[in-house]
Amino acid sequence: MRTADRIAALPPYLFAEIDRKKEAKQAQGIDVISLGIGDPDTPTPDHIVDAMATAIRNPENHRYPSYVGAKRYRAAACEWMDRRFGVSGLDPDSECLALIGSKEGIAHLFTAFVDPGDYTLVPGAGYPVYHTGGIMVGGLTHWMPMTEANGFLADFESTPASVLAKAKMMFLSYPNNPTSAIANDEYFDRAIAFANKHDLLIVHDNAYSEIGFDGYVAPSFLERPGARDVTIELFSCSKAYNMTGWRAAFAVGNAAAIKALGTVKSNIDSGIFTAVQDAAIEAFLGPQDSIRELNALYQRRRDLVMGALGKIGLSAATPKSTIYVWANVPDGFTSADFATKLLEEANVIVAPGNAYGPSGEGFIRISLTTPDVRLEEAIARIEAL
Ligand SMILES: *Cc1c(COP(=O)(O)O)cnc(C)c1O
């Protein structure tokens, strides 16, 4: 049997080697604490689960879903964009598309926009599918540098003309995974001007829009003037409403891009289970108290980790959003060296920064989605090193 070359071209899965070591330790009865993955540990709010319980008994919901999402789902998504960000007047039919999680949308955007040999502008440290999605279609990645000195704002302006001549799409994502950086209006406006100049689609991945600490409230990219001419934004229920397992997200913005992505999807998947869409509608339009509670929880854990970092020889900027602390590794270590040391000597898993792209070298990502007692135990173990 011969598989396609693109499979061999994919980088090794981020956690494959770490998983192997973790399993070997667990087989010896060792208690390993994972601060690696970003997957909310607290349950989906009750009112959303209750909406699902009702929706699942509706026989209408048992049939094939709409490819583009139920009209009521898209209408609720657009209503949410208005209530939450003041982004008004989005047309649910032409400017909104349901996604089976934003990961699905990201991966399929490459089929819609990238021909073999085309470049995609990808944050130097970012969600891995921005890079692997290109490999799947024979596309090339241009890594936009991100440095601590420039606040981890991906530097698109340094992209060589030869790359720009073959580029159609640029990913941005603020609040940012893995660096936890946030962006300001001036950066977004520069990105819009750049996309206009070079005829690029901006895909803004807003997976962490609802997470904010110390009063920070993240914006939508679509609030910026002219954004809809060049941008689609992805929003997901996953991190905002503790719904990673449900697979519900949407894309909003530029109608031509929405149409192209919808064309790809209608040839591949058959939409989100309609009962899940009904539960997501409850998330969008029902009470929003769960967000405040979730942010209080993550902020407390963030403070716990930030308070301990100095003692364990690490430094990090205090995050205003996301569920991660992005810490410098001590001098003399690479990301992978340090992550391996923590696993081997403290039985604690963190994500090595280089796994997110070249700008991630020299950092580790500590996830806050672990119960407080386990987080405290992990910190104590690292301190004891
Ligand atoms: C978690 C995450 C996603 C995936 O979201 P789903 O909607 O669950 O597919 C996308 N982008 C970023 C940056 C993420 O951190």
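Predicted model: local features only at pLDDT ≥ 70, side-chain atom pairs only at ≥ 80, totals over all residues.
Biologist: Which helices and strands of domain 1 supply the side that touches domain 2?
Modeller: Helix H1 (5-9), helix H13 (289-309), strand E10 (324-328) and strand E13 (363-367) each supply at least two residues there.

Biologist: Which gives the most?
Modeller: H13 does, with 7 residues on the side of domain 1 that touches domain 2.

Biologist: And what is that side made of, by class?
Modeller: It has 15 nonpolar, 12 polar and 5 charged residues.

Biologist: Back up a bit. Where do the two domains run in the chain?
Modeller: Domain 1 covers 5-44 + 289-384, and domain 2 covers 46-285. Their C-alpha centres lie 25 Å apart.

Biologist: How many residues are in contact?
Modeller: On the domain 1 side 32 residues, and on the domain 2 side 39.

Biologist: What area do they bury between them?
Modeller: About 3200 Å², with 59% of it on carbon and sulfur atoms.

Biologist: Which residues in domain 1 lose the most area to domain 2?
Modeller: Thr44, Lys320 and Tyr356, which together make up 22% of what the domain 1 side buries.

Biologist: New topic, salt bridges. How many across the interface?
Modeller: The rule finds 2 between domain 1 and domain 2.

Biologist: What about Arg302 and Asp214, how do their side chains meet?
Modeller: In a salt bridge, at 2.8 Å from N to O.

Methods:
Residues numbered from 1 in each chain as written. Heavy atoms only, no water. Domains from an automatic or database assignment. Contact = heavy atoms within 4.5 Å. Buried area = accessible area lost by both parts, 1.4 Å probe. Salt bridge = Lys/Arg side-chain N within 4 Å of Asp/Glu carboxyl O. Helix = DSSP H or I, 4+ residues; strand = E, 2+ residues; numbered from the N terminus. Nonpolar A, V, L, I, M, F, W, Y, C, P; charged D, E, K, R; others polar.
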